[in-house]
Amino acid sequence: MNAFASPAGGSVLVIGGGLVGASLAIALDAAGVAATLVEAAAPRTDAQPSYDERNLALARATVNGLEAIGVWRHAAACATPIRHIRVSRADEFGSARIDAEKHGVDALGWTLPARELGAALLHRLDECTRLTRLAPAKLASLQPLSGGWRAQVEAADGTRSLDTPLLVGADGTQSFVRAQLGIDTERHDYRQTLFVCTVTAEREHANRAWERFSDAGPVALLPLAERRCGLVLTVAAAEAEAVATLDDAGFIALAQRRFGWRLGRLSRPGKRHPYAIQRVAANLLTAPHAVLVGNAAQTVHPIGAQGFNLGLRDALTLAELVAAAPDPGAPGLLARYAARRAPDREGTMAMSHGLVQLACLSQPLLAPLRSLALLACDRLPPLQRVLARRGMGFRGEPPLAVLERLP
Ligand SMILES: Cc1cc2nc3c(=O)[nH]c(=O)nc-3n(C[C@H](O)[C@H](O)[C@H](O)COP(=O)(O)OP(=O)(O)OC[C@H]3O[C@@H](n4cnc5c(N)ncnc54)[C@H](O)[C@@H]3O)c2cc1C
């Protein structure tokens with residue numbers, strides 16, 4: 001166990017036990033680091049807002065990381081491999097295909113319902129031996145100390161005071177920690193709403209993930225067990241109310257118009273969940289004795305399927321650095337963290353934002369350029385190698401836990 005030399009004493013304090021905060025707490029425990037995890041929701045998959053019906057596309061690097069911290073064995077049975085990715089745009093000629101086999105791997109990534117990943121995280125959290133868990137419990141205020149922070153945490157049995165040499169904000173897009181640290185954000189409202197549900201396809205999806213762009217916004221289909229697929233349909237925010245009131249037949253007709261007939265007739269839509277989409281990027285990743293991870297650090301458009309993938313790399317990089325240091329809140333460690341995360345963070349945010357902007361803009365002059373870009377991704381092997389590597393989650397200086405391990 002790390003003997004912390006920080007004057008504030010106490011263990012690493014993680015605020016927020018969503019997908020990223022829970023993964024960080026597990027990674028710290030696995031590395032022998034004492035930590036406390038504070039989560040506002042009760043520790044049940046039906047109580048946690050981010051363990052919901054969304055279907056996550058997990059990059060290969062993410063699955064390596066979840067394996068390394070002992071989470072994947074609790075989730076693997078519910079995951080579906082993605083062996084092919086197809087990207088295209090309605091009414092334009094170019095399209096890009098990425099195939100796992102061509103890149104020497106069995107899968108580019110896996111699809112997993114967030115609810116199943118949440119259940120696997122809760123299972124693995126129960127096995128942790130050095131971790132203190134407070135849930136439901138809420139961070140109410142913060143006070144700076146010499147060498148750390150004092151946190152007031154409200155739980156059912158009263159308020160407690162926790163001192164920490166390293167405060168981690170893993171508390172999501174509206175991060176309270178970020179606001180208390182005085183870290184500003186840059187925001188972009190996409191004026192889009194995403195509808196997420198499962199559908200059944202007439203034809204086999206053959207482990208393909210589809211991403212289709214149009215003037216009306218992107219639509220994605222992710223492979224699930226048997227002929228089920230996870231549908232992600234974007235509509236303009238102004239149309240969201242009308243789409244929400246469509247009956248199943250009307251919603252399927254809309255999905256079919258937007259996605260086309262590649263998988264034959266779509267049917268049996270599950271319960272629809274709407275999400276308003278914005279991009280929120282913290283201007284700084286660290287403050288004295290504090291760091292932001294996951295959606296608290298950056299919230300990206302879900303259509304690129306990067307949010308959790310990026311957040312897990314935040315968590316695993318932080319756990320790796322803290323495990324190797326005597327003081328988890330040391331300025332040098334935080335500077336190393338910010339420097340290591342910068343290329344991956346900036347590249348992934350730019351890719352997600354750029355993808356939505358470029359692929360959905362309706363200017364006719366862009367059409368030939370876009371088609372050529374998709375064709376280039378499809379036909380130029382070096383470009384494809386770079387894209388496939390990045391798509392699999394290997395960017396910048398990745399945490400050691402996500403690198404391939406030989407059998
Ligand atoms: C429709 C949709 C589809 C997506 N698809 C993908 C995908 O395919 N692939 C992918 O990688 N990503 C995807 N994402 C993104 C991914 O879901 C998020 O990036 C991820 O859930 C962020 O996790 P987090 O733990 O950082 O934040 P959150 O999940 O928001 O968790 C924050 C936690 O902090 C807690 N909290 C907040 N305030 C306090 C407080 N004061 N005290 C204590 N606890 C507090 C909350 O209760 C919550 O549990 C998708 C997102 C959406 C909306």
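Reply: A residue counts as buried under 20% relative accessible area, as exposed over 50%, and as partly exposed in between. The model shown here is predicted. In it, Arg-133 has a relative accessible area of 31% and is therefore partly exposed.

Me: With which residue does Arg-133 meet in a salt bridge?

Reply: In general, side chains of opposite charge can pair when their charged atoms come close. Here the partner of Arg-133 is Asp-126, with an N to O distance of 2.8 Å. Asp-126 is exposed, at 58% relative accessible area.

Me: How many salt bridges does the structure hold?

Reply: There are 16. One of them joins Arg-340 to Glu-320, whose closest N and O atoms lie 3.1 Å apart. This pair links distant parts of the chain, 20 residues apart: Arg-340 belongs to helix 8 (residues 331-360) and Glu-320 to helix 7 (residues 307-323). Arg-340 is buried, at 11%, whereas Glu-320 is partly exposed, at 23% relative accessibility.

Me: Where do Asp-344 and Arg-341 lie?

Reply: Both are in helix 8, three residues apart, which is about one turn of the helix.

Me: Are Asp-344 and Arg-341 buried or exposed?

Reply: Asp-344 has a relative accessible area of 1% and Arg-341 a relative accessibility of 0%; each value is under 20%, so both residues count as buried. Asp-344 and Arg-341 also take part in a network of salt bridges with Arg-313 and Asp-314.

Note on methods. Residues are numbered from 1 along each chain as its sequence is written. This is a predicted model: local features need pLDDT of at least 70, side-chain atom pairs count only at pLDDT 80 or more; totals for chains, interfaces and linings use all residues. Side-chain values use heavy atoms; hydrogens and water are left out. A salt bridge is a side-chain nitrogen of Lys or Arg within 4 Å of a carboxyl oxygen of Asp or Glu. Buried means under 20% relative accessible area, exposed over 50%, partly exposed in between (1.4 Å probe, protein chains only). Helices (H or I, at least four residues) and strands (E, at least two) are DSSP runs, numbered from the N terminus.
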